[in-house]
There are 2 protein chains.
Amino acid sequence: MSDGCCEETHKDSHYSPGYYWLGNDTLKVPLVLHRENRQRLAKSILTSKDKDSIEPNSFVLFQAGKSTTAYDTDHEPLFRQEKFFFWAFGSDMPDCYGVVALDSQENPTSTLFIPRLPAEYATWLGQIHSKEYYKKIFLVDNVEFADEMTAYLKNLNCSTLYTVAGLNTDSHNHTEPLTFKGIEEFKVNTTLAFPYVAECRVFKTPKEIEVLRYSVESTCKSHMQVMRKIRPGMKEYQCESIFLYHAYHDFGCRNVGYTCICAANKNSSVLHYGHAGEPNASTIRDGAMCLYDMGAEYHGYTADVTCSFPANGKFTEDQKIVYNAVLDASQSVIKAMKPGVEWIDMHKLAENRILSGLLAGGILVGSLEELVENKIGSVFFPHGLGHLLGLDTHDVGGYQGDAKPKVNSLRTTRSLIENMFITVEPGCYFIDHLLDQALADPSKARFFNRDVLARFRNFGGVRIEDDVLVTATGCENFSKMVPRTVEEIEAYMKH
Amino acid sequence: MSDGCCEETHKDSHYSPGYYWLGNDTLKVPLVLHRENRQRLAKSILTSKDKDSIEPNSFVLFQAGKSTTAYDTDHEPLFRQEKFFFWAFGSDMPDCYGVVALDSQENPTSTLFIPRLPAEYATWLGQIHSKEYYKKIFLVDNVEFADEMTAYLKNLNCSTLYTVAGLNTDSHNHTEPLTFKGIEEFKVNTTLAFPYVAECRVFKTPKEIEVLRYSVESTCKSHMQVMRKIRPGMKEYQCESIFLYHAYHDFGCRNVGYTCICAANKNSSVLHYGHAGEPNASTIRDGAMCLYDMGAEYHGYTADVTCSFPANGKFTEDQKIVYNAVLDASQSVIKAMKPGVEWIDMHKLAENRILSGLLAGGILVGSLEELVENKIGSVFFPHGLGHLLGLDTHDVGGYQGDAKPKVNSLRTTRSLIENMFITVEPGCYFIDHLLDQALADPSKARFFNRDVLARFRNFGGVRIEDDVLVTATGCENFSKMVPRTVEEIEAYMKH
């Protein structure tokens with residue numbers, strides 16, 4: 001007697017035939033999303049300049065992540081799927097492969113190869129499902145065992161395997177070598193497919209957009225819980241725990257896209273604070289500026305939102321100077337964003353607005369033109385304005401398409417195109433070693449009002465980060481629900 | 001002008017000179033704990049049968065974990081330190097090395113080698129500290145840069161480096177190869193040190209015991225929050241989020257020692273439920289048996305506690321049969337544990353008590369002797385009674401010392417010795433494929449009452465897991481605060 005409800009009808013878990021869903025009010029994601037991605041990929045290759053080089057019976061081959069253990073132990077860190085594979089198949093199972101046949105622009109044949117699980121899997125890890133079960137869930141044409149992949153592909157007279165392998169322009173890491181037992185029996189092309197897959201990932205489909213909207217809104221609501229509950233005297237990590245709790249408990253987001261940055265006091269000037277070496281462990285002081293950069297992930301798609309606010313809910317005049325300079329940058333960029341706009345220009349616009357605010361606040365002196373010319377912007381705003389966002393926090397494709405040559409600190413130099421999803425995250429920080437460098441350089445030092453600057457040395461920093469979709473005529477800010485103006489933040493935090 | 005408070009006096013973060021502490025009511029851990037571990041190691045080698053083979057100017061060499069990124073991306077999973085290195089040095093920094101000179105039984109010279117950080121580290125990741133700063137924090141004799149390790153050791157006329165390398169008997173993985181640029185200039189012994197380090201890790205010092213007591217009590221209190229808040233209709237993962245929140249928010253435990261197993265309904269018969277493939281995603285049914293196996297980690301030391309209870313707070317008569325059989329096993333073992341007792345005998349004792357309970361409940365028929373002889377125990381209790389616990393969930397050393405030959409499913413076959421810390425986790429599960437196998441085997445089938453068994457097919461399972469220190473005269477159960485008897489659980493969950 002087996003639990004019939006689980007095998008063939010609705011499985012009361014995260015996957016059911018054609019859907020990913022965590023129940024209650026969480027988003028029900030149709031897995032046809034991934035079939036559409038496979039279709040987009042086949043179409044993009046079969047209509048490209050490379051189309052005539054594609055042989056019959058050829059396949060694009062994806063490799064899932066492998067299950068791992070920590071060091072020499074049997075501790076298995078919570079598995080997170082490789083994102084190229086996930087984009088194409090939507091499965092969170094380790095040790096799989098998947099192929100998309102280049103046999104049709106509209107309806108390419110897809111096969112998922114799953115590991116053959118030993119009988120004791122059922123004792124330790126869960127029910128062993130049939131191939132048919134996975135076929136129904138993931139809406140693929142075939143499911144086979146991974147150890148039969150070579151025989152299966154040979155039987156189909158496979159001519160060429162196009163592996164998804166390439167360079168990540170943020171990490172400068174190459175994808176891991178894609179291999180399987182028997183791969184040497186096939187012709188393998190390791191270069192053609194990657195840019196097509198990466199370019200497809202840059203543009204989000206309506207179904208992907210709905211998942212991203214859910215991740216971002218879940219993230220915003222969890223940020224707002226932190227803003228309601230924070231009090232001076234708490235530890236930074238307690239705010240992290242509040243965010244993680246709501247993202248998971250209320251919205252089903254078990255993972256975050258990146259380690260939570262929960263910086264108070266001067267720590268808000270450390271751009272990627274919060275890692276194991278700086279684990280959000282300071283006590284939040286009264287009067288401190290807080291910078292919370294946290295993004296929840298749902299069905300693999302992550303948000304990336306930053307809220308900055310005073311720990312006690314009331315801005316000082318100095319905090320208003322810096323905050324409003326960054327807010328001006330954010331609002332100016334979002335107002336200007338639309339297809340055709342150059343991202344480099346948006347970065348410059350943000351930098352100009354921040355510098356203008358620092359001029360108005362008396363921290364800097366001189367003309368805006370002189371400040372720009374002497375690169376004062378990157379003293380306060382040393383990172384890029386934003387990055388593509390999707391399955392990865394720093395999503396792929398920033399240096400493809402019409403990208404201009406690499407600009408220091410910018411993660412993309414493309415012009416905007418409809419359905420790009422990108423963060424807008426201007427920031428202004430008081431970072432000792434960058435200020436000291438600038439003050440030691442006569443060409444820069446003359447623009448600083450040292451007396452005023454001294455007041456800000458322990459200020460920390462401000463970052464305002466939104467997740468923005470480029471639309472046909474402009475853009476849509478998915479994270480607009482968080483309180484953003486000084487007045488909105490003070491009113492919200494009063495409660 | 002730099003933030004003077006951070007550099008030389010108290011740093012308002014997790015480490016300060018000689019201590020790890022997360023503030024407020026969390027435990028302040030004296031880092032002399034790790035100096036004691038280094039001393040224990042030197043003494044154990046220098047008083048061993050191998051002592052005459054140890055050359056002057058020789059060192060035991062430890063290697064910290066390396067910082068990593070996920071797949072090809074720049075996403076850095078939250079770093080977790082390699083536990084042999086952590087045991088000896090207590091530092092959570094990646095990319096370090098450490099040596100303990102075998103120059104003294106009582107006060108061996110220790111040196112920590114840290115990575116040389118680039119200037120931009122200060123912009124992105126945090127303040128760059130001096131060697132002197134780390135020396136004061138970690139109570140080592142010297143701190144040097146890792147890229148100068150070869151020169152430093154040559155300058156000390158290093159004769160032999162004993163690397164900490166060996167086989168993990170739970171994972172059957174070997175430690176990662178320990179290497180550094182220049183290692184070929186030294187004589188390296190890769191076999192001698194490992195069993196000494198592993199054996200030292202088996203026995204907990206008073207300072208380690210206090211950390212473990214804190215981790216276990218924090219874990220128990222977080223479990224109890226789940227027991228108070230659980231309601232039928234909730235998702236299993238919502239209970240996970242409650243545990244994680246309290247462990248982190250209330251007790252500073254950012255990590256868990258292993259992925260939370262939050263099983264309700266029939267899922268409680270999947271021993272390691274909760275992984276990415278079975279992500280605690282079912283809806284908790286009214287009347288379901290729940291099995292929550294979760295352990296919080298503080299300063300690297302982890303708890304491992306399981307609570308089983310009915311989702312609605314009220315046991316059915318059938319649930320009492322199974323629960324009380326397991327509780328009887330747990331209580332009988334804890335009562336019997338003391339130095340000299342064989343762990344294999346404790347496993348057999350637990351199995352006998354469970355089988356007795358199933359006989360009394362009418363699920364099995366026959367005599368206890370026949371059931372044992374025909375291996376009915378492992379149909380219901382297919383895992384070992386428990387495992388050593390410490391920095392790793394399955395801590396090292398289970399098959400050293402006086403260990404008897406490997407017994408299927410047991411993680412140790414040693415006899416108990418004072419200051420061993422070990423889990424006691426009897427369980428009873430109704431696992432379809434094990435029951436089906438047994439019913440198909442005539443030598444086993446005759447002991448089952450099929451009519452009664454049918455009632456239990458969708459029961460799931462029960463595990464009761466405590467974390468127990470072996471004392472001079474018996475043992476101390478660190479997790480005794482969680483409600484354990486049927487009456488205690490029902491009374492506690494009423495509120």
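**Chain A against chain B**

Modeller: The contact (heavy atoms within 4.5 Å) takes 90 residues from chain A and 90 residues from chain B. This is a predicted model, where local features need pLDDT of at least 70, side-chain atom pairs count only at pLDDT 80 or more, and totals for chains, interfaces and linings use all residues. Residues are numbered from 1 along each chain as its sequence is written, and side-chain values use heavy atoms, without hydrogens and water.

Colleague: How much area do chain A and chain B bury between them?

Modeller: About 7200 Å², with 50% of it on carbon and sulfur atoms. Buried area is the accessible area (1.4 Å probe) that two parts lose on being put together, summed over both.

Colleague: Which three residues of chain A supply more than any other three?

Modeller: Y71(A), D72(A) and W124(A), with 12% of the area that chain A buries against chain B.

Colleague: And how many salt bridges between chain A and chain B?

Modeller: Six. The rule is a Lys or Arg side-chain nitrogen within 4 Å of a carboxyl oxygen of Asp or Glu. K235(A) and D12(B) form a salt bridge, 3.6 Å from N to O.

Colleague: New topic. Which residues of helix α17 of chain B are buried?

Modeller: V486(B), I489(B), E490(B), Y492(B) and M493(B) are buried in α17, residues 486–493. Buried means under 20% relative accessible area (1.4 Å probe, protein chains only). Helices are DSSP runs of H or I, at least four residues; strands are E, at least two.

Colleague: Why do they line one face of the helix?

Modeller: Seen down the axis of α17(B), the buried residues fall within an arc of 165 degrees, so they line one face. The arc uses directions from the helix axis to the C-beta atoms.

Colleague: What covers them?

Modeller: The cover includes α8 (206–229), β15 (305–310) and α10 (317–336) of chain B.

Note on methods. Chains are lettered from A and ligands numbered from 1 in the order in which they are written. Buried means under 20% relative accessible area, exposed over 50%, partly exposed in between (1.4 Å probe, protein chains only).
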